[in-house]
Amino acid sequence: MSVDLSVDVGGLQLATPFIAASGCFGYGLEYGDIVDLSTLGAVAVKGLFLEEREGHPPTRIVETPSGMLNAIGLQGIGVRRFVADKLPGLRDCGAVVLVNICGSTTEEYAEIARILADADGVAAIELNISCPNISKGGMMFGSSLRGTHDVVSAVRRVTTLPLIPKLTPNVTDVASFAVAARDAGADAVSLVNTFLAMAIDIETRRPKLSNVVGGLSGPAIRPIAVRMVHECRQAAADLPIIGMGGIMTSEDAIEFIIAGAVAVQIGTANFVDPFVWSKLREGLTDYLHRHDVPSVSALVGTLDTTRGHTA
Amino acid sequence: MPVDVDAVVLSNTQLSHDYNTVILAAPRLGDQALPGQFVMVKTTYGDDPLLRRPFSVFEILRDDAGRSTGVSLLNKRIGVTTRALYALRPGDHVRCLGPLGRPFSVAEPPEQAWMVAGGVGLAAFATLAANLRARRVDTTLFYGGRRADDLFHLDTFESLDVHLRLATDDGSRGDHGNVTVPLRRAFVSTDRTTPVRLYACGPTPMMRAVTELAASEGRATEVSLEQVMGCGLGGCYSCVVPVRGPDGTHFVRSCLDGPIFDGGSVVWEQLGE
């Protein structure tokens, strides 16, 4: 039996469910020498504003137990340079490109989306309404239901590309944000972005990050992310979910898929092992064989709560 | 092209209570590594510590036929990964991704090479010294440490025909003070028209001082910057360095555009500690 790894994420067709997470894979081309980008489900490129940004001064990351904090501050080349300098190379590699975009205003999100609508080689738009590290934009929108609705509907009006808001976990009830995004016209949602967190150097009594606070990622957050994917699935079973949060192995990815994710993003794991992609595919294929499941789609949301629990 | 090797530890020599040299069986790394390049090291398979850490390739080891058999790392015990590296035993495994980064430019005769090292910054220079010797470049190592017993691998560099100029904080060997003391003297005794290529690796204040001293003599310095690094491949934008360019100062990734930089282009006051 051959198993089918392909998935449909709200109209976006992917050969495998494994997507490089935005902010963890540069613009993709950095990895072109060592990874065949066409073998990834998709590449979510580093978040883009309309204009170039320098980001925060170092120190930008600090390691914490089974995780890391980052406050990069969305350093980036701006959407126009991305379209001119990066997109052609990504097309040549055969990459499926999710362009992650961020704005300080709803108008800026819409303007970026308009520019991308005219570009060749964009498979979908991921809306960054969840970056915790910038003073304007990002999580400012994604932590309010009204802000979420406004950004998603503004971008929906200007593009027919699949639209995927990336949700923040820094809210009380993430499922209500998934519902708000769906009702405003989202084709899918991705979750979770990082958890707002901080670390202090007790010798100097100074923050370890230049931005004082940052976003926590890595295996430390995985169980919380799984729970949030589960909640979104319960609240909006018709809305495709891209799950993420500390996925290091195929087993971790499978956990998210069972919870309700149709695809998953790989972030921090790529830092530790840039060759993780083939291992993920092999592990998932092997699992589907062992469990006699013909396809990834058939595994999505198959959490069984009727028979009690397994410790 | 970088490779990820699961390298076996061939030996671990503890040089002091905090310094050690690990030899790894990693011929594919040694085949490719250029002076100044680094590897991303992970000593455990688990999630804690999670991230790899960057280390200079210290020496490239070769068999009698000249074929690469592996690399060594010079390590100073400071944090979690460096403590694990210090405690390695022969037969242990270490994951090494590399070689990565932009290498040093290697001087050619009649140009002289002056390598300026502080502490564990020595790690950047053994491979460079071997390359310089192969080109018959007259090479000097200026090397500073805390005490006489904090200066390591002097025989390695002597065997590569490197002249040594030493300095210690307590004056127990070489000049009393930091490494700029013998460097300053060398500038005084060297005609400004003599071609010299300078390299520096060590604590940030030291590299800044060397760059500024060299600049006052009208000379450039290639510095090896060590920033907190997430991935080593340009994916995370953690390891940035403020660099002055024609259109202003920008943060550039030290894993791709470095770790070797023109010291004169680095905006030292924005670099942090």
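**D85(A).** The cut-off for exposed is 12 or fewer. This is a predicted model, so I note the entry as computed from predicted coordinates. D85(A) sits in helix α1 of chain A, residues 79–93. I also took a distance from D85(A) to L37(A). The two residues are 48 apart along the chain, and their C-alpha atoms are separated by 17 Å.

**Helix α2 of chain A.** I checked the length of α2(A), residues 106–117. Its 12 residues at 1.5 Å each should span 16 Å, and the end C-alpha atoms are 16 Å apart, so expectation and model agree. Next I asked which residues of α2(A) are buried. I listed E108(A), Y109(A), A110(A), I112(A), A113(A), I115(A) and L116(A). In general, an α-helix has 3.6 residues a turn, so residues three or four places apart point the same way. Then I looked for what covers the buried residues of α2(A). The cover includes helix α1 and helix α4 (145–156) of chain A. It also includes strands β7 (97–101) and β8 (124–128) of chain A.

**Strand β9 of chain A.** From β8(A) I moved to its pairing with β9(A). The two strands run parallel and are joined by 4 bridges. N128(A) has K166(A) in β9(A) as its bridge partner. I then checked both faces of β9(A), residues 163–166. L163(A) and P165(A) lie on one side, I164(A) and K166(A) on the other. All of these are buried, so I recorded both faces as covered.

**Strand β16 of chain A.** Which strands pair with β16(A)? I found β3(A), residues 18–20, pairing in the parallel sense over 3 bridges. I19(A) stands opposite Q265(A) there. I also found β15(A), residues 241–243, running parallel to β16(A) with 2 bridges. I242(A) has A263(A) as its bridge partner in β16(A). I traced the chain from β15(A) through helix α7 of chain A (residues 250–259) to β16(A), and this β-α-β crossover is right-handed.

**Chain B, overall.** The C-alpha trace spans about 50 × 45 × 40 Å along its principal axes. A compact globule of 273 residues would have a radius of gyration near 19 Å; chain B has 18 Å, which agrees. Buried residues make up 51% of the 273 residues. I looked at contacts in chain B between residues at least 6 apart in sequence, and 64% of them join residues at least 24 apart.

**A sheet in chain B.** I followed an open sheet of 7 strands with mixed pairing. The order is β11-β10-β9-β8-β12-β13-β16 (chain B). The edge strands are β11 (175–176) and β16 (260–262) of chain B, and each pairs on one side only. Inside the sheet I checked β12(B), residues 196–201, against β13(B), residues 221–224. They run parallel and are joined by 3 bridges. Y199(B) stands opposite E222(B) in β13(B).

**Confidence.** Chain B averages a pLDDT of 96, and 100% of its residues score at least 70. The complex gets an ipTM of 0.93 and a pTM of 0.95.

Technical notes. Residues numbered from 1 in each chain as written. Chains lettered and ligands numbered in written order. Predicted model: local features only at pLDDT ≥ 70, side-chain atom pairs only at ≥ 80, totals over all residues. pLDDT = per-residue confidence, 0-100. Pairing = 2+ DSSP bridges. Right-handed = clockwise from strand over helix to strand, strands pointing away. Rg over C-alpha atoms; globule rule 2.2 N^0.38 Å. Buried ≥ 20, exposed ≤ 12 C-beta atoms within 10 Å, placed from the backbone. Contact = placed C-beta atoms within 7 Å. Expected span 1.5 Å × (residues − 1).
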